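Hi,

Here is the structure I promised to pass on.

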Amino acid sequence: MSTTTDSIRGHHPILEMLDRALSRSRLPHALLFSGAAGIGKKRVALHLAQCLFCLQTPADELSCCRTCDSCKQMAAGTHPDLISIECPPDKNILPLSLIIGDDDHRGREGVCYEMSLRPMVGDRRIAIIDDADKMNAESANALLKTLEEPSANYLMILIASELDAILPTIRSRCQLIRFNRLTQEDVAALLIDQQLVESEDQAIEIARLSAGSLNIARQLLDENLQSLRGNITRLLSRHPFQPQAFSESVIQAIDDVGGNTAAQRKTALWVIKFCADFYHQSLQCAAAYQAAPTAGNVESFVAGLPGETEDRIETIGNLLSRMLQTEEQINQNVTLPLCIESLSQDLREIQTK
Ligand SMILES: [Zn+2]
């Protein structure tokens, strides 16, 4: 992964703060990066590590040359003084073995052991502990022992999206750095930079639904979700609205993900998000703000609503608030098919009033 500043978007206040800390030799030995998933926390951590390891640029500034051996090793992910761990995708808890070694190598492997070693190349070792909020108490307590013995030879960067899940004892030993969500412009630019989209319009479209997270944007690029979205939008824009066709399509999409209820809820929440986005754009269109360039069905939907502009705005407002209500219900674990059927009936009723 490249860690040049060019590839970091939206976190310039944090980069400046780190730069100031370096110039005053006041970088703490432990940092805790907190903020939503998929906004670039790890990218900043890797960039900081690269700047500290760089053999060419001064140690008191946040910069790197990208050409020295250390920079090349960072780009290749092979720097011997960087220890980087994260929770495997199939696990909910960061394995204890990554912190203190497995049963056969307890205390002779893992982050705590690695951080007790002398630096191999430069003057320090750096650990990046992603998903630190997924440590159990045993892992956290093991890590705490290392954090309690600060050394000029090491830097620990903990990364967490759920700050509340970090033990207060850990938090108190780290300097907390809060990351903001990315703007829609930043997400769109990253999608284009990383060649994840086919056009600028698609980038803007995806970014709008991403909640400022590149992770969410990546999920949205999934073909199945894209076709579900197209389908939902078509059904919503129909006049008259057909509740049965809508609920059947949504329930089918939920069934298609299999028996896992968490995955079913996630799909249901995507549907609600797509609907809310459609109505939101319709609201803007009705109020004569500019509709988004790719919102093909929006204009015909708005034009087909009965009444004057004010009536239309009121209707769309009611549709939108019914969506928010459904989102709450889904988060409260209601029975999905019932919830969707009642939503469908209400959407028709609101539109025929
Ligand atoms: Zn360098």
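Below is what I found in it, one topic at a time.

First, some ground rules: this is a predicted model, where local features need pLDDT of at least 70 and side-chain atom pairs count only at pLDDT 80 or more, while totals for chains, interfaces and linings use all residues. Residues are numbered from 1 along each chain as its sequence is written, and side-chain values use heavy atoms, with hydrogens and water left out.

**The overall layout**

The protein is divided into domain 1 (5-178) and domain 2 (222-352); those bounds come from an automatic or database domain assignment. The centres of the two domains, taken over C-alpha atoms, are separated by 42 Å. I'll mention helices a lot: helices (H or I, at least four residues) and strands (E, at least two) are DSSP runs, numbered from the N terminus.

**The zinc site**

Which residues hold the zinc ion as protein donors? They are Cys 54, Cys 65, Cys 68 and Cys 71, each through its SG atom, lying 2.3 Å from the ion. A donor here is an N, O or S atom within 2.8 Å of the metal (3.2 Å for Na, K and Ca), and water is not among the atoms, so sites may look incomplete. The angles among the 4 donor atoms are 103 to 118 degrees, and the site is tetrahedral. For four donors, that label needs all angles to lie between 85 and 135 degrees. Along the sequence, the donor residues follow the spacing C-x10-C-x2-C-x2-C. Cys 54 sits in the loop between α2 (41-53) and α3 (69-76), and Cys 71 sits in helix α3, 17 residues apart, so this pair links distant parts of the chain.

Are these two buried or exposed? Cys 54 is buried, with a relative accessible area of 7%, and Cys 71 is buried too, at 1%. The cut-offs: buried means under 20% relative accessible area, exposed over 50%, and partly exposed in between (1.4 Å probe, protein chains only).

**Around α9 and α10**

In helix α9 (residues 200-208), Ala 203, Glu 205, Ile 206 and Ala 207 are buried. The buried residues of α9 pack against α8 (184-193), α10 and α11 (223-237). Arg 218 has its place in helix α10 (residues 214-220) and is partly exposed, with a relative accessible area of 40%. Leaving aside neighbours within four places in sequence, Arg 218 is in contact (heavy atoms within 4.5 Å) with Gln 194 and Leu 196.

**An aromatic cluster**

The structure holds 6 aromatic pairs. Rings of Phe, Tyr and Trp (its six-membered ring) pair if their centres lie within 6.5 Å; planes under 30 degrees apart count as stacked, over 60 as edge-to-face and the rest as tilted. In one of the pairs, the rings of Phe 278 and Phe 301 have centres 5.2 Å apart and planes at 55 degrees, so the pair is tilted. Phe 278 lies in helix α13 (residues 261-286) and Phe 301 in helix α14 (residues 296-304), so the pair ties together parts that are 23 residues apart in sequence. Phe 278 counts as buried at 2% relative accessibility, as does Phe 301 at 0%. The rings of Tyr 279 and Phe 301 also form a tilted pair, because their centres are 5.9 Å apart and their planes are at 45 degrees. Ring pairs link Phe 278, Tyr 279 and Phe 301 into a cluster.

Also in helix α13 is Gln 264, which is buried, with a relative accessible area of 15%.

Helix α15 (residues 309-331) has 23 residues and reaches 33 Å from first C-alpha to last. That is close to the 33 Å expected at 1.5 Å a residue, where the expected span is 1.5 Å times one less than the number of residues. Among the buried residues of α15 are Thr 315, Leu 319 and Met 323.

Just after α15, Asn 333 takes a positive phi of about 60 degrees; Asn 333 is exposed, with a relative accessible area of 53%. Gln 195, found in the loop between α8 and α9, has a positive phi as well, near 55 degrees. Finally, the peptide bond from His 239 to Pro 240 is cis, with omega near -5 degrees.

Enjoy!

Key: Tetrahedral: all angles 85-135°; square planar, octahedral: opposite > 155°, others 65-115°.
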